[in-house]
Amino acid sequence: MPELPEVETVRRGLWPALAGARISRVEQRRKDLRFPFPPDFAARLTGRRILDLRRRAKYLLADLEGAETLVMHLGMSGSFRIDGDIPGFFHHPRDKSAAHDHVVFHMETGARVTYNDPRRFGFMLLVPTPELDSHKLFKGLGVEPLGEALDAAFLARAFRGRAAPAKALLLDQRLIAGLGNIYVCEALHGAGISPLREGGKLVTAAGKPTAALARLPQTIKNVLEAALAAGGSSLRDHRQADGSLGYFQHSFRVYDREGAACPTQGCKGTIARAVQSGRSSFYCPVCQK
C-alpha cells in the first residue's frame with residue numbers, strides 16, 4: 001500500500017496537469033474498481049474545472065467547480081500516467097499496461113491523465129465538498145503528520161495512560177492520519193524509541209512528554225520530508241505519476257534491514273525484527289528503548 005509520501009509525491013506530479021485545468025472528456029472503462037463508480041461518473045466530471053488538488057491522509061482530493069470533490073485512493077497497485085502537453089512540467093515515459101487502464105481524464109490543455117490499477121483495490125468517489133469532513137472516510141481521521149498540530153503536547157495527550165505499544169499508537173489513523181509501517185519504523189529509530197514500548201511510559205506522571213517522545217514529532221516530519229525529497233519508496237507496484245521510481249528505500253535505516261549493523265553513530269547494535277499485529281517492526285534493541 002502506498003504510504004503518505006508516495007501519495008503526496010503523486011499529488012505533486014499530477015498538479016501541473018490537473019490543477020486549474022478543465023476536464024473535457026472522461027473515459028470510464030469499467031463499472032467499478034474496489035467499489036462501483038458513482039452514478040453518471042464520467043458525465044458529472046465532463047466540463048468541470050479542477051480548482052485544487054489536495055491530499056488528506058492517503059487520499060487525493062480534486063476540488064471541482066460546483067462544490068464537489070473527486071476522492072481518489074490508489075489502493076495497493078493504483079498509479080497515474082500523464083501523456084500529452086503539460087505546460088511548465090516535464091515527465092518521463094513509463095510502461096503502459098493498457099489492459100489495466102480503467103479511467104482516462106482528457107484535459108482541455110491536451111494532457112491525458114490515465115488511472116491504471118492491475119489489482120483494482122483503488123477507488124474514486126464524488127462527495128459534496130462541504131460534507132468531506134463529515135464523510136465516513138474522513139470524519140474519524142487524526143491530525144496530519146506534516147502539520148503543526150502534531151507536536152509533543154499532542155502526543156503526550158494521545159499516549160497518556162495507554163498500554164498499547166508506541167508503534168501501534170502511531171499507526172492508529174484516528175490519532176495521526178497517513179502514517180504507515182515503513183515510516184513509523186524509521187521515525188521510532190530516529191527518536192530512539194522501541195516500537196515495543198508501552199505508549200503510556202513515554203509520558204510523565206504529570207502528563208508531560210519524556211525527552212524521547214518530545215523528539216518524535218520532528219523526527220516523524222524529518223523522515224517524511226526526506227522521503228518526499230527522494231520521491232517516496234517504490235516497493236512492489238508503486239510508481240510516481242511520471243513513471244519513475246522513488247528511491248527512499250535506499251536510505252532506510254532500519255526497515256527491512258534485519259541483521260544489519262545499526263546505523264546510529266557509536267551504537268554496536270544489530271537491527272532486529274519483531275511482528276506486531278501481523279506487521280514487521282524493524283528496530284535496534286540497543287539504542288531504541
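**Figure 1. A look at the largest cavity, which has a volume of about 40 Å³.** The model shown here, and in every view below, is a predicted one. By the rule used, the count comes to 1 cavity of 30 Å³ or more.

**Figure 2. Who lines the largest cavity: Leu 18, Ile 23, Ile 50, Ala 62, Leu 70, Met 72, Phe 105 and Met 107.** Sort that lining by class and you get 8 nonpolar residues, with no polar and no charged ones. Two strands turn up here with at least two lining residues each: strand S4 (68-73) and S6.

**Figure 3. An open sheet of 4 strands, in the order S1-S6-S7-S5.** The pairing in this sheet is antiparallel. Strand S1 (23-28) and strand S5 (79-83) are the edge strands, so each pairs on one side only. Go from one strand to the next and the twist averages 15 degrees.

**Figure 4. Zooming in on S1 and strand S6 (residues 101-107), joined by 5 bridges.** The two strands run antiparallel.

**Figure 5. Pro 36, in the loop between S1 and helix H2 (41-45).** Is Pro 36 buried or exposed? Pro 36 counts as exposed because its relative accessibility is 58%, and the cut-off for exposed is over 50%. Now find Met 124 as well: Pro 36 and Met 124 are 88 residues apart in sequence, yet in space they are 8.5 Å apart, C-alpha to C-alpha.

**Figure 6. Stepping back to the protein chain, with its 6 helices and 10 strands.** The chain has 289 residues, and buried residues make up 54% of them. How many of the contacts between residues at least 6 apart in sequence join residues at least 24 apart? The share is 66%.

Note on methods: Residues are numbered from 1 along each chain as its sequence is written. This is a predicted model: local features need pLDDT of at least 70, side-chain atom pairs count only at pLDDT 80 or more; totals for chains, interfaces and linings use all residues. Side-chain values use heavy atoms; hydrogens and water are left out. Axes are lines fitted to C-alpha atoms, for helices over the stretch in contact, and angles run from 0 to 180 degrees between N-to-C directions. On a 1 Å grid over the protein atoms alone, a cavity is a set of points where a 1.4 Å probe fits but cannot get out, and a pocket is an open set with protein on both sides within 12 Å along at least five of seven lines; lining residues have an atom within 4 Å of a point. Grid points are joined across faces, edges and corners, and a volume is the space filled by probe spheres set on the points. Ala, Val, Leu, Ile, Met, Phe, Trp, Tyr, Cys and Pro count as nonpolar, Asp, Glu, Lys and Arg as charged, and the others, Gly among them, as polar. Buried means under 20% relative accessible area, exposed over 50%, partly exposed in between (1.4 Å probe, protein chains only). Contact means heavy atoms within 4.5 Å.
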